[in-house]
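Have a look at the fold before reading on.

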Amino acid sequence: QVQLVESGGGMVQPGGSLRLSCVASGNIFRIYAMGWYRQAPGKQRELVATITSGGLTNYADSVKGRFTISRDNAKNTVYLQMNSLKPEDTAVYSCNGQMRLPSDLVTYAYWGQGTQVTVSS
């Protein structure tokens with residue numbers, strides 16, 4: 001009914017850039033905060049960046065100054081521009097959206113399937 005679909009992952013050399021996209025689709029009443037999380041092999045999932053519907057952003061210390069989160073509310077899309085990538089950025093990146101459906105009185109967290117980002121020479 002509601003889907004979050006990520007795209008833009010891949011393999012890149014250290015110092016390179018990638019841009020991730022995540023599109024929310026379905027019978028959505030309203031999207032509140034959206035964000036990107038990542039999980040590296042053997043590690044817990046961690047927050048990368050979040051953005052409110054009004055554009056307020058929050059970043060993990062490890063990506064500040066290198067990653068930029070943005071969103072297009074008209075397209076129900078959130079982006080993650082990743083620059084100066086490091087091998088330690090290698091992980092599966094997943095999109096999260098806090099959304100309310102027409103039939104709901106509260107918001108729920110929805111997740112995409114994830115996209116692999118590999119930084120290696």
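In this predicted model, S94 sits in strand β9, which covers residues 91-100. Is S94 buried or exposed? Its relative accessibility is 11%, and buried means under 20%, so S94 counts as buried. Setting aside neighbours within four places in sequence, S94 touches E6, a run of G35, W36 and Y37, and then W111, G112 and G114.

One of those contacts, W36, turns up again in the largest nonpolar core, a set of 31 residues. W36, L80, M82 and Y93 have the most contacts inside that core. Strand β9 is among the elements that give it two or more residues, along with these:

| Strand | Residues |
|---|---|
| β1 | 2-7 |
| β3 | 18-26 |
| β4 | 30-39 |
| β5 | 46-51 |
| β7 | 67-72 |
| β8 | 77-82 |
| β11 | 115-119 |

In soluble globular proteins, nonpolar side chains tend to be buried together.

Zooming out, the protein has 11 strands and zero helices. Its radius of gyration is 14 Å, close to the 14 Å that the globule rule gives for 121 residues, so the protein is as compact as a globular protein of that length. The C-alpha trace spans about 50 × 25 × 25 Å along its principal axes. Of the 121 residues, 40% count as buried. Among contacts with a separation of 6 or more, 55% come from residues 24 or more positions apart.

Note on methods. Residues numbered from 1 in each chain as written. Predicted model: local features only at pLDDT ≥ 70, side-chain atom pairs only at ≥ 80, totals over all residues. Heavy atoms only, no water. Helix = DSSP H or I, 4+ residues; strand = E, 2+ residues; numbered from the N terminus. Buried < 20%, exposed > 50% of the residue type's maximum accessible area, 1.4 Å probe, protein only. Contact = heavy atoms within 4.5 Å. Core = buried A, V, L, I, M, F, W, Y, C linked by side-chain atoms within 4.5 Å. Rg over C-alpha atoms; globule rule 2.2 N^0.38 Å.
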